[in-house]
Amino acid sequence: YGYGLMVGIMILYWKLFQKKTVGELGFTKKAGTYVIGVLIGTVLVAVSAASVVLTGTITCHGVFRDIDYLYIVLMLGGFICQGAFEEVLCRGIVQQLLVEKTPIPVAVGVSTVLFIIPHIANMEGASAGIFLFAIIDLILISLIFSFLTLRFQSLWAACGLHSIWNFVLYHILGLNLSGNDVATAAVFDLRSVGDNVLNGGTYGIEASVVTAVVLAAFLAVCYAVSRKGKNEERRG
């Protein structure tokens, strides 16, 4: 929940030093798009995990018997804060400020690099293949966050997707989250079989080639829908 405090500090910085409103940061009146982000995130992580299970490199051992539901609910709140922190920093402060001064691809690129850097430490000891796909997956999910932020002109959807992805992966499915394999409360008992680019090894499915395919497919759909919308606007 300390991430919630950090979000508050960043908002103060934005208002006091940048002299901008929270709406300009990305917390607009489109708060309902948070639900859209949650739905997208739930589908993406579920499809990614299910696809890896189909490869046989993750096995499902059913549901845990003694589930600490209170702890899981409390962790949902924690992940809401954590997801918001990363999005406010990367897609909010950094991307929003750069969009005003540089082309959108540059702003998105810088925010993506900033997003990737903190995750690299958790890749220590990973094979070259797992390291490569961890970077690819981080780039893809970051591009999705940026797309949603630009599409809705708001941070809400990206925050929703980010938080629910982490929460479902860690506390519903019980899989490693960005290299974090500390035992925790979860609903389903899923276990990796071996250490390879299909399941992402100890880093988790966020370093899986299967997840890369799922994220790339979703990003392609987003791009196609966006292009179609722009073409229709021009014709209109």
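Helix α7 contains 17 residues and extends 22 Å from its first C-alpha to its last, close to the 24 Å expected at 1.5 Å a residue. The expected span of a helix is taken as 1.5 Å times one less than its number of residues, and helices (H or I, at least four residues) and strands (E, at least two) are DSSP runs numbered from the N terminus. The model is predicted, so local features need pLDDT of at least 70 and side-chain atom pairs count only at pLDDT 80 or more, while totals for chains, interfaces and linings use all residues. Residues are numbered from 1 along each chain as its sequence is written, and side-chain values use heavy atoms, with hydrogens and water left out.

Helix α7 is mostly covered, with 15 of its 17 residues buried. Here buried means under 20% relative accessible area, exposed means over 50%, and partly exposed lies in between (1.4 Å probe, protein chains only). Just after α7, Gly174 takes a positive phi of about 70°. In the loop between α7 and β2 (188–192) lies Ser178, whose phi is near 50°, a positive value in a residue other than glycine. Ser178 is buried, at a relative accessible area of 12%.

Helix α5 (104–120) also has 17 residues. Its first and last C-alpha atoms are 25 Å apart, close to the expected 24 Å. The buried residues of α5 are Ala107, Val108, Ser111, Thr112, Phe115, Ile116 and His119. They cover an arc of only 160° around the axis, and therefore lie on the same side of α5; the arc is that of the directions from the helix axis to the C-beta atoms. An α-helix has 3.6 residues a turn, so residues three or four places apart point the same way. The buried residues of α5 pack against α4 (69–99), α6 (128–152) and α7 (156–172).

Buried in α3 are Thr33, Gly37, Ile40, Gly41, Leu44, Val45, Ser48, Ala49 and Val52. Because these buried residues fall within an arc of 150° when seen down the axis, they line one face of α3. Leu39 and Leu54 are exposed on the other side of α3. Gly56 follows α3 and has a positive phi, near 85°.

Ile11 is located in helix α1 (2–16). Apart from neighbours within four places in sequence, Ile11 is in contact with Val22, Leu25 and Phe27, contact meaning heavy atoms within 4.5 Å. Ile11 and Ser226, by comparison, are 215 residues apart in sequence and 30 Å apart in space, C-alpha to C-alpha.

On the surface, Leu12, Tyr13, Leu16 and Phe17 form a nonpolar patch with about 440 Å² of accessible area together. Patches are made of residues with over 30% relative accessible area and no salt bridge, like charges being joined within 9 Å and nonpolar side chains (Val, Leu, Ile, Met, Phe, Trp, Tyr) within 5 Å. Accessible areas come from the Shrake-Rupley method with a 1.4 Å probe, and for residues only the protein chains shown count as cover. Leu16 belongs to helix α1 and is exposed, with a relative accessible area of 52%. In the loop between α1 and α2, Lys19 has a positive phi of about 55° although it is not a glycine. Lys19 counts as exposed, at 65% relative accessibility.

Three salt bridges are found in a search of the whole structure, each defined as a side-chain nitrogen of Lys or Arg within 4 Å of a carboxyl oxygen of Asp or Glu. One joins Glu100 to Lys20, with the closest N and O atoms 3.1 Å apart. This pair links distant parts of the chain, 80 residues apart: Glu100 is in the loop between α4 and α5, and Lys20 in the loop between α1 and α2 (22–25). Lys20 is buried, at a relative accessible area of 16%.

Another salt bridge pairs Glu87 with Arg91, at 2.8 Å between the closest N and O atoms. Because Glu87 and Arg91 are four residues apart in helix α4, about one helical turn separates them. Both Glu87 and Arg91 are buried. Asp189 and Arg191 also meet through their side chains in a salt bridge (2.7 Å, N to O). Asp189 is buried, with a relative accessible area of 9%, whereas Arg191 counts as partly exposed at 44%.
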